Structures are given as C-alpha cells and as structure tokens.
Amino acid sequence: MNKDRLLALILLIVSAVTFYETAKFPELSNDLQVVDAGFVPKLLALFLTISAGILIYRSYRISTEKIVISLKDSGIIRIGLVLIIMALYGYFLPLIGYELGTVIFLGVLMIIFRLNNWFKIVGISVAAMLAIYYIFIVSLKVPLPLKFL
Amino acid sequence: MDPVLSAIQMVINPEILLLLLAGVVGGIAIGSIPGLTATMAVAILTSFTFGMSAIEAIMVLLGIYVGGVYGGSIAAILLHIPGTPSAIMTARDGYPMAKQGLAGQAIGISTTASFLGGMISVVFLVLGAPIISRFALKFSAPEYFALAIFGLSIIANVSGKSLLKGLIAAALGILLSAIGMDPITGIQRFTFNEMNLQTGLNFVPLMIGLFGLSEILQQLRNVENHVEVRQEIKNVVPSFSLLKRLSKVIVRSSLIGTFIGALPGAGGTIASFAAYNDAKQTSQHPEKFGEGIPEGVAAPEAANNATVGGALMPLLTLGVPGDAITAILIGAFMIHSLQPGPMLFKNNPEIIYAVYLGTALANIFMLIVGLAGARLFARAISLPNNILIPLILLLCIVGSYAVSNNYFDIGVMILFGIIGYSLDNLDVPMAPMVLGIVLGPMAETNLRNALIMAQGQVSVLFLRPIAAFFWVITIAMLLWPKLKKRWQARSQEVVTEE
C-alpha cells in the first residue's frame, strides 16, 4: 500500500475515535463551554482529518514509496517473534519471577539471534540478570518480582 | 544557606560524583555503539534514576547526555560509522587519521575538543540563563501559551523531509498528552475505562518504546551484521603543541556550537556541519580536510559538545526543550517533581547551580574517561548484536516496569515501540511527537486558562507584548528551515569542493 494513503487511513481512524470520545464528555456551564475538555482534542482531530485529506490528495499527485509487509521477510518474522517473547516475559514475570524469567528471556533471544555457544548463552544471561538485580534492587532499591534471590 | 554553597555541598560528595561518572561512562558506551544514539541512551537509562533523589537523577542524566554526545565520535573515528548523527563530520577526518595509524591521536583530539567545547558552553550557560529566567518571570497564561507554541515551532526543524508529517506527529503527541484527567474540569479523557490510564500515560515507558524499542526493531532486520574493530589505539593524550595549534579552531567551534545549541531544534548535527565548514574556510590548508587533518576532528567535536550547554539554556530558563534529548530530560525532571522554567530559578536555585556544576564536572569526567578508556570503548563497539540487542531489550522491559512497578507499563512500552517503528516506516518523525507530549499540557492548559480569563476573546493570545514577541519568533522559527537548508547546502558544497 502507498505509504501516505496508509498514514491517512490511520489518521482518519484516530480522528474518528477522538470525535466519538469527545462527544461523550459531559456538558459544562456557559463560562467553560468554549474551552471544555474536548476543545483541544476536537481541534487536533480536525487537523488530523484535514492532514489525511492532504496526504491522500498528494499521494495521487506525487508517487511515494509503497510499504510491503510480507511474512516471507525474515526481518518481519524476527520482529514479530521478539515482540511476542517480550510480551510473554512481561506476562509471566510475576508468575515465574525475575531471576528465572530473565535468564530464559535472554537465552531464548540469543538463540533466535543465532548465538550458538551454550556457555556464552548461559553465562551472559546469568551475569546480566545478576547485574540488573544488583543495580535495581540492591543499589537503587527498585523492587522487581523476585522468587529465588 | 546560599544556593551556590548548597549546590556545591549537594554535588561535591563521593556518591553524587560516582553517579555522575557512571552516567558519563554509560552515555559514552551507548553513544559509541553505531545505531544507538544519545537520545536512546537518555531514554533507556532514565529508568535507572527512579530510586534516586532529584539531584542524583539529574547528575546521572547530565552525565549520560554529555557522554552520549561525545561517544558518537569513537565509532566515527574507528569504523567510519558515526555513533550519533552529530559525529558525521568527525568521521570525515577521524577515519582517515585512524587508517594512517593515528586512531589514538584522533580519539585524543576528539575527547579534548569535546571537553573544551562543553566547558566553554557551560560558561555561556551560567552567564546567560539567569537573564532569560528573570524575563520569563513576567509570564502569565497567554505568554505561556505563546511560549508553548514557540516550543512546538521547533517541529519545523526536527521534521526531516516533510513539515506536514512533523505537524501530524506533534498533533498525535498532544493528543496522547490529553489521556487521563483533564486538569481544568477533572473529566476523564480517552481512558476507555482503563484504571491505569486515569493519571495519563507514563512518560518513561512511552519514551523507551518510541526511542529504544523502535530503534532496536529497525536493527532486527540486520541482526547478523557485526563489525570488528582492528585499529590500534596509542598516543591518546594530545601534545601541548598540537593543542596550541588547534586552540583557535576549538574556541571558534565551541562558540558556534553554543549558539546553535541554544536555538531550539538546531542541535549537534548542524553545529558540527557549521563548525567543520568554518574550520575549513578559515584554514590555511583547506585541501587537507577530508584526508585526516586534526582540525577536521576538533571542529565538529568541540561544536557538538558545546550544544549541550546551549541546549540547557532554553530548557532551564523557559522549560522548553530544544530537541528530543532535552525533551526527555524535561520529562525526567518532572518525574522528580521539578518543573524546569523561571519558577525553578525562584524556588530551587540550588538545583540550577547544581546543573551548572554537574555539567562542568560531567565534561571533566568525559575527558578523563575518554582518554583513559579509549581502548575499552573501542572493544565495546565490537560487541556482537546477538548479545547486545537482547541486553538492551531486557533494559527496556525492566526500565519500563521500574517506573511504578506496574506490568501495564511494559505493555505501554511495547505498544509505543510498535507505533514508533510503524511511524518511522511511514516517514513520520518521532522528535515532534515527543515535543507534542511534553508541551501539549502546557499549551492546552494555558490556552484554555487565557480564554477563560479573557471571557473567550481570542485577541488576548496575541496582543500582550511578550506573547506578541513569541508569536514573531515563532514565525521566524518556521522560516528557519529554509535558511538552514541553504546553510547546510553551502557547507556541503564547500566540503565536497575537492
């Protein structure tokens, strides 16, 4: 799809959601009506709608690069995989704890990124987990969900 | 107690100095790795400051800022890959010097020039900031609104190729800043019945997502790529005679850097271009530029580090960030309940003096660490991506969680990483979005307050003298990109005229 048209589509969706949400804001007294809570968001949504129009118009006049998302692209697959692993790490963090979760998280990522040396994978994962533990928990007193340490 | 003495007492203690040093080392390490910018360094490492007091956090962040800007030169010299955009010009003469076996000397010149540039800019910061802040104390709602719009006019300079896309990014940023409770009416806006959104989006996970994760996602397509550094690093400390020879170039470039740094949106990249061009034009051997001349390293490095002191001026005095890094710094100040601007000078003058002192000390640490650790940083550059990227991703997650010990923030970071990556691929710049997020609440609240004050009369926004002054310079700022383009084109013409 043409980049500008895709961006225009996203802007139109954002504008529509903004108008819909601001319409639900409660009515205020006369003094505040001019500058109610929806005043600036509505202005911005209007601007985004106009911008979307300009982008669509421009996309027919000037040829812009097309954006192609292919599942055969190894980069896209890697990005998707990394995002899923990050989300899973965040989800399971309170259940399995920071220590085990972090070692698994780093180990899995290094394997995906084709690091083949098991000694390095385990060593670096454990060392990084301990380093973050020391910096955040011991030095800075920032709590992380611990299970073992 | 006298605020100067109080600031000295705060900063000159072993713990604070160690934190400042750690910030400088962290900044240099991240800045020296190609693809990891000083902006990313400040965004990700902000999470390390949550458990700290305000002064500790500010010192760490100043260290990261100063170190990150300098760090870009190491990869530029050793690999011909600028670690940060502001080191582009450093690569032109730094890399040829390294190829001639003078890598150590080039790093030494870059470090010393960066130090001197940084120190000269601190002098200007100390002299100039109080004057601007006294002027800013006269502001009320219409002036603050005009000031916020002036701040947003920086978009014209940080928008890349398309001003429209810069404005779109800023509008999206302001919209994001509206999430949560409306400060005037108390109404919940765009929270979609989500409890975690009632106080608005947390700034740090958002920044880590936009600047940290999205950059890593871009790099994931080429994760196999990794470069080995094989340059020999020796004779790092420059001789006195060489420094004497470079002194004029360093002073001129530092002045250029300080001035350009104080202009919102101009930043280190244009400063280094301008200083390199100036050094070449005033040199007796312009033909040697690009072949490995020390002046070609000293000029851009003095200039880009001088932008730090310059950029801190609008940040401290007006609360207006000049670029993406200072926008993140403002967010970090706010996390620690400090609002940069004229009131900071009035209510917490010791913090201002501590910033002056901290910036100067960060430059001194940068000089020591840069000269002593050149070999170590050269090795850090060669850390393979398949180890480096997982470690950065871990920092992104832990940093986002640590803001308020809330798993929701990890989701926010991942979401904004995806948004940042997608917008980047659609050629929408990120920096204006950050400006929108930072300046959005200031613009919105003051616009509405001014209109309430004037019972809906729009003229109040334009007719007061200080507000009118800001509107005039806003228009000038919007015209500035055209001048900048001409300036850059002229600089590049001179550089390529060989």
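The legends below describe close-up views of a predicted model. Residues are numbered from 1 along each chain as its sequence is written, and chains are lettered from A in the order in which they are written. Local features need pLDDT of at least 70 and side-chain atom pairs count only at pLDDT 80 or more, whereas totals for chains, interfaces and linings use all residues; side-chain values use heavy atoms, with hydrogens and water left out.

**View 1. The interface of chain B and chain A.**
The contact (heavy atoms within 4.5 Å) involves 61 residues from chain A and 57 residues from chain B. About 5200 Å² is buried between the two chains, and carbon and sulfur atoms give 82% of this area; buried area is the accessible area (1.4 Å probe) that two parts lose on being put together, summed over both. Of the area that chain B buries against chain A, 11% is supplied by Phe190(B), Leu394(B) and Leu426(B), more than by any other three residues.

**View 2**
Two salt bridges are found across the interface of chain B and chain A, a salt bridge being a side-chain nitrogen of Lys or Arg within 4 Å of a carboxyl oxygen of Asp or Glu. Lys3(A) and Asp427(B) form a salt bridge through their side chains, at 3.5 Å from N to O. Among the elements that give two or more residues to the side of chain B that touches chain A are helix H9 (163-177), strand S2 (188-189) and helix H18 (385-402) of chain B; helices (H or I, at least four residues) and strands (E, at least two) are DSSP runs, numbered from the N terminus. H18(B) gives the most to this side, with 12 residues.

**View 3. The second largest pocket.**
This pocket holds about 940 Å³ of space. On a 1 Å grid over the protein atoms alone, a pocket is an open set of points where a 1.4 Å probe fits, with protein on both sides within 12 Å along at least five of seven lines, and lining residues have an atom within 4 Å of a point. The lining has 32 residues, and the closest to the pocket centre are Ile135(A), Gly26(B), Leu45(B), Phe48(B) and Leu395(B). H6(A) supplies the largest share of the lining, eight residues.

**View 4. A salt bridge within chain A.**
The structure holds 11 salt bridges over all chains. In one between Arg58(A) and Asp4(A), the closest N and O atoms are 3.8 Å apart. Arg58(A) lies in helix H3 (residues 39-61) of chain A and Asp4(A) in helix H1 (residues 3-23) of chain A, so the pair ties together parts that are 54 residues apart in sequence.

Conventions
Grid points are joined across faces, edges and corners, and a volume is the space filled by probe spheres set on the points.
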